[in-house]
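Please look over the sequence and the model before reading on.

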Amino acid sequence: MKCFTFATSFCPPKMNDNNAIAKLLSQYDFPLYLAPMEEVTDPPFRRICKNLGADIMISEFISSDALIRNVDVSLRKLTFDETERPFGIQIFGHTEEALREAAEVAEAAHPDFIDINWGCPVKKVVNKGAGSAILKDIPKMVRLTSAVVNSVKLPVTVKTRLGWDELNKNIVSAAEQLQDIGIQAIAIHGRTRSQLYRGTADWTLIGEVKNNPRMTIPVIGNGDINSAAKALEYKDRYGVDAIMIGRAAIGNPWIFKEIKDFYYHREFTPPTYNERVEMAMLHLRTAADWKGEKRAVFEMRRHYAAYFKGITNFKPNRIRLMDALTIAECEAILKDHPLYV
Ligand SMILES: Cc1cc2nc3c(=O)[nH]c(=O)nc-3n(C[C@H](O)[C@H](O)[C@H](O)COP(=O)(O)O)c2cc1C
């Protein structure tokens, strides 16, 4: 079965199947992941991206320590809707025990796979030895990942970076070792930890991992994909099995539709002003249901610039939106524009 449209009728990965993720990806002609992004890719935003063509979703990262201590915010991040499948829960941590236990808690939420975050560059995570800090100690990365693989029946995948810094780009060897202990896919952001988000993502090493004859698991490319042309070009040039998109989807969830439309039809019609308003309002309303009106209105501010990028004379509306406190106010401001019909 090929999923030509934004199908939810995919064949779910089977437990204890060593090729489950490869089989899952083979159901899509041009598989697209929505990258996990803390405080961005919550359920309301994920559903919008899913409806616009993102295929595979991953939760925001969840601290294994917090998860096993039943911290409410972390437990809440396990929530997803059936329509979001295939869905992975991402955990991070720095000890074998906590990661193993957290993976078991995550598995009980019945996602389709468990993803381990070995890429987060944020200081408070790295200082504890979690996230991308592990790139300084590949044997530990392998040992902790193996503990997770052996503790759950679901497929386990890894998301990471090229290496710790410019002098230590060890992803080719790390990927081989992770494959050997049973991970089923690896997503690679083409930057080192020390780059944080600076410079441009280097896909050549992602391509090297993919084209390493020893590698058989799917390799997912990530970093700076912000247009259909780039997605199509990079997938072709580096041979990756799927593309993962993060920041370019913020305020522009149409990026997934744009890529699919270009892939199938070589054209894409950008959304009209009214369609943008409708989508922003849908986002705002569903976010309010999820986290309350006040927080939703506040957090939505970071999305407007991109939702309305390229719209002439939108600036006065955007400035007013920064002071709006209710959904009704936001809606009135968005509709108060000459392009609104
Ligand atoms: C606001 C924000 C939050 C993020 N949170 C996570 C996270 O929870 N887990 C993770 O693996 N990566 C996280 N990332 C990294 C993204 O998943 C992705 O790897 C990175 O943004 C590069 O891809 P892009 O160039 O398409 O944005 C985050 C990135 C941003 C900008």
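At what angle do H12 and H15 pack, and how far apart are their axes?

## H12 against H15

This is a predicted model. H12 and H15 pack at an angle of about 175 degrees. Their axes are 10 Å apart. An angle over 145 degrees counts as roughly antiparallel, so H12 is roughly antiparallel to H15.

H12 contributes Tyr273, Val277, Ala280, Met281, Leu284, Arg285 and Ala288 to the contact. From H15 come Ile327, Cys330, Glu331, Leu334 and Lys335. By class, the contact of H12 with H15 holds nine nonpolar residues, three charged and no polar.

## The buried face of H15

Helix H15 covers residues 327-335. Its buried residues are Ile327, Cys330, Ile333 and Leu334. Viewed down the axis of H15, they fall within an arc of 130 degrees, so they line one face of the helix. An α-helix has 3.6 residues a turn, so residues three or four places apart point the same way.

What do the buried residues of H15 pack against? Their partners are helix H12 (273-291), helix H13 (293-307) and helix H14 (315-321).

## H12 against H13

The axes of H12 and H13 come within 8 Å. They cross at roughly 150 degrees. H12 and H13 are therefore roughly antiparallel to each other. Their crossing is right-handed.

On the H12 side, the contact is made by Arg276, Met279, Ala280, His283, Leu284, Ala287, Ala288 and Lys291. On the H13 side, Glu293, Arg295, Ala296, Val297, Glu299, Met300, His303, Tyr304 and Tyr307 take part. The contact of H12 with H13 has ten nonpolar, two polar and five charged residues.

## Buried residues of H9

Helix H9 spans residues 204-211. Leu205, Ile206, Gly207 and Val209 are buried there.

## Aspartate 17

Aspartate 17 lies in the segment before helix H1 (20-25). Is aspartate 17 buried or exposed? Its relative accessible area is 17%. Buried means under 20%, so aspartate 17 is buried.

Leaving aside residues up to four places away in sequence, aspartate 17 touches Lys23 and Gln184. Aspartate 17 and leucine 154 are 137 residues apart in sequence. In space, C-alpha to C-alpha, aspartate 17 and leucine 154 are 8.2 Å apart.

Key. Residues numbered from 1 in each chain as written. Predicted model: local features only at pLDDT ≥ 70, side-chain atom pairs only at ≥ 80, totals over all residues. Heavy atoms only, no water. Buried < 20%, exposed > 50% of the residue type's maximum accessible area, 1.4 Å probe, protein only. Helix = DSSP H or I, 4+ residues; strand = E, 2+ residues; numbered from the N terminus. Arc of directions from axis to C-beta. Contact = heavy atoms within 4.5 Å. Axes fitted to C-alpha atoms, helices over the stretch in contact; angles between N-to-C directions. Parallel < 35°, antiparallel > 145°, perpendicular 65-115°, else oblique. Left-handed = near helix turned anticlockwise from the far one by under 90°. Nonpolar A, V, L, I, M, F, W, Y, C, P; charged D, E, K, R; others polar.
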